[in-house]
Amino acid sequence: MTDHLTLDQRLRRLDAAPLDEAIDRDRQSRLLEQVLTADPDVPVKVAPRPLRRPVRRVAWGVATAMALTAVAVALPLTTGGQPAFADWTEKPAVASEQDAQALRAACLDQVGETVGGDGAPRVASEDLETRLADRRGAWVSVLLTWTGADRYQFTVACLGHLPPRSTDEPSDVTHALMGGGGWAPPTGHELAEGSMAELSVSSGFLGLGEGGQAATTTGDVGPGVVGVTVHAGSTTIEASVKDGTYAAWWPGTLQGPTPPDSAKGANGAEPILRYDVTLLDGTVLRDVAPTHPTERLLDPPNGGG
Amino acid sequence: MRPASEERFRSLYAAHYDHVLHFARRRTDPASAHDVVAETFLVAWRRLHDVPDGVGQALPWLYAVARNCLLNMTRGENRQRAVAVRLVTRSGIDRGEHADSVGERLEMADAWQRLTPSEQEVLALAVWEDLTSPQAGKVLGISAAAYRVRLARARRALERHLDHSPAPTVASAATLAPEASS
């Protein structure tokens, strides 16, 4: 039998982080300044999200498009050609029901019990529907959506590493949560450009450390469209399309495989992405001009406005 | 002139950065520990009005946030409800020590590994974070009395494992936290 004091003394000698351990004070100072530049008025949840990297949202450019949160998590640290995405494919493959369910569960675990609030609808995460699921190499993505009566929509784009036939849980799961709405759905051959996000693949929070990036976008198409090809700089991506929704992701930035020199184009002055759409009869319309959601606002219920 | 809120946060950060970093380092690898520290203080900055300013109250609040970060880091993999606590690495144990001392520490390390993460957690808060029962209870979201009960159980469990500990081996030492560079 060992008395408590002796037990504690023995344990103290096995401290994995003794107080006399050297601390990088430069890093401490850098972090302080970076935290202080964060907006203190932006609410955060009581339970902080793990390993969530900042996501640079590209706004829809109009007030009614409301960004709720955009978070990304722990993509593998990569350099140069981003070897984590080495087997990424331009064309999506079918994700098995089991893989889609596994990623959905992991993603919702990160999202928390609800989304929205603070003026937006508050929705139970379990009510988000799995709208799309696909596989690109060892990565599976799912798009979760919830659409209210006024077409206010929450979209969660989830990405996780889950090799084919793996029985493990998805790893390196990341997601971007976006919200907005009130617009009419596209018609005919239209493509309504939706939200976009860049997922920072860094080795630390707040942009500390080295890393790479992935980008994702989603939007709506009219009933006459069965295929969407996205051009992000020199990268071509065949989007997944189902029931009037498309989604795509790719390694790199929204403007291609390497970070752009400037944010030019991100303000709507120039198109960030270009689109080809495939119609029901197989016709391909190249470089179509996307519509933007709030160009087609729904009439308010009283018919005014 | 800096706003009062910024001054308060700077004081909070200066006073507790080391403690939060050590708290995280005991529970995860060095790179992830810095992530946890960053997230913890970002939450503290954004919720500064929620950070208690009484004596000895801010640090348990920060630890609770850091613990949530750590739980969330692994939640997707195995739904943990407690954070396992690491011990010094094997190389840290046997570096320049007498064989008897090394054996004793390996025995303790072996017993520690046989504790549940919950047991490790309550012990660590008392032994390494040096918290009182009310403070540790705040970190875990339980009452001081409940914490004391858990602490007593954890100590008994560790003693039991020590009493029945097999002779330490290299294999058992290998279960200690792997060394990683920050």
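A: Start with Asp287(A), which lies in strand β18 of chain A, residues 284-288. Keep in mind throughout that this is a predicted model.

Q: Why is Asp287(A) called exposed?
A: Count its C-beta neighbours. Asp287(A) has 10 inside 10 Å. A residue with 12 or fewer is exposed, so Asp287(A) counts as exposed.

Q: What makes the phi of Asp287(A) worth a remark?
A: The phi is positive, about 50°, although Asp287(A) is not a glycine. Most residues other than glycine have a negative phi.

Q: Which residue of chain B has a positive phi of about 60° although it is not a glycine?
A: That is Asp130(B). Asp130(B) lies in the loop between α6 and α7 of chain B.

Q: Why does Asp130(B) count as partly exposed?
A: Asp130(B) has 13 C-beta neighbours inside 10 Å. Exposed needs 12 or fewer, and buried needs 20 or more. The value 13 falls in between, so Asp130(B) is partly exposed.

Q: How do you know that Gln101(A) counts as partly exposed?
A: By the count of C-beta neighbours inside 10 Å, which is 14 for Gln101(A). That lies between the cut-offs of 12 and 20, so the label is partly exposed. Gln101(A) is found in helix α3 of chain A, residues 97-111. Gln101(A) and Ala133(A) are 32 residues apart in sequence, and their C-alpha atoms are 9.3 Å apart in space.

Q: Why is Leu12(B) called buried?
A: Leu12(B) has 20 other C-beta atoms within 10 Å. Leu12(B) lies in helix α1 of chain B, residues 4-25.

Q: What is Leu12(B) in contact with, leaving aside its neighbours within four places in sequence?
A: Ala44(B), Val51(B) and Ala58(B). Take Ala58(B): it is 46 residues from Leu12(B) in sequence, with 8.0 Å from C-alpha to C-alpha.

Q: What makes α6(B) mostly covered?
A: Nine of its eleven residues are buried. Among them are Val122(B), Leu123(B), Ala124(B) and Leu125(B).

Q: Why are α6(B) and α8(B) called roughly perpendicular?
A: Helix α6 (residues 117-127) and helix α8 (residues 144-163) of chain B have axes that cross at roughly 105°. Angles of 65 to 115 degrees count as roughly perpendicular, so α6(B) is roughly perpendicular to α8(B). The two axes come within 9 Å. On the α6(B) side, the contact is made by Glu119(B), Val122(B), Leu123(B) and Ala126(B). The α8(B) side includes Tyr147(B), Arg150(B) and Leu151(B).

Q: How do the residues of the contact of α6(B) with α8(B) divide, and what is the class of each group?
A: Eight are nonpolar, none is polar and three are charged.

Q: Why are α7(B) and α8(B) roughly perpendicular to each other?
A: The axes of α7(B), residues 133-140, and α8(B) cross at roughly 95°. That is within 65 to 115 degrees, so the label is roughly perpendicular. These axes come within 8 Å. The contact is made by residues including Pro134(B) and Leu140(B) of α7(B), with Ala144(B) and Tyr147(B) of α8(B). By class, this contact has six nonpolar, two polar and one charged residues.

Q: Which residues touch the most other members of the largest nonpolar core?
A: Val20(B), Ala24(B), Val37(B), Phe41(B), Leu62(B), Ala66(B) and Leu123(B) do, in a core of 53 residues. Helices that each supply at least two residues include α2 (25-36) of chain A and α1 of chain B.

Q: How do you know that this core lies between domain 1 and domain 2 of chain B?
A: Domain 1 (4-78) and domain 2 (90-173) both give residues to the core, so it lies between them.

Q: How many helices and strands are there in chain A, and how many in chain B?
A: Chain A has three helices and 18 strands. Chain B has nine helices and zero strands. Buried residues make up 41% of the 305 residues in chain A. For chain B, they make up 45% of 182 residues.

Technical notes. Residues are numbered from 1 along each chain as its sequence is written. Chains are lettered from A and ligands numbered from 1 in the order in which they are written. This is a predicted model: local features need pLDDT of at least 70, side-chain atom pairs count only at pLDDT 80 or more; totals for chains, interfaces and linings use all residues. Helices (H or I, at least four residues) and strands (E, at least two) are DSSP runs, numbered from the N terminus. Two residues are in contact if their C-beta atoms, placed from the backbone, lie within 7 Å. Axes are lines fitted to C-alpha atoms, for helices over the stretch in contact, and angles run from 0 to 180 degrees between N-to-C directions. Angles under 35 degrees count as roughly parallel, over 145 as roughly antiparallel, 65 to 115 as roughly perpendicular and the rest as oblique. Ala, Val, Leu, Ile, Met, Phe, Trp, Tyr, Cys and Pro count as nonpolar, Asp, Glu, Lys and Arg as charged, and the others, Gly among them, as polar. A nonpolar core is a set of buried Ala, Val, Leu, Ile, Met, Phe, Trp, Tyr and Cys residues joined through C-beta atoms within 7 Å. Domain bounds come from an automatic or database domain assignment.
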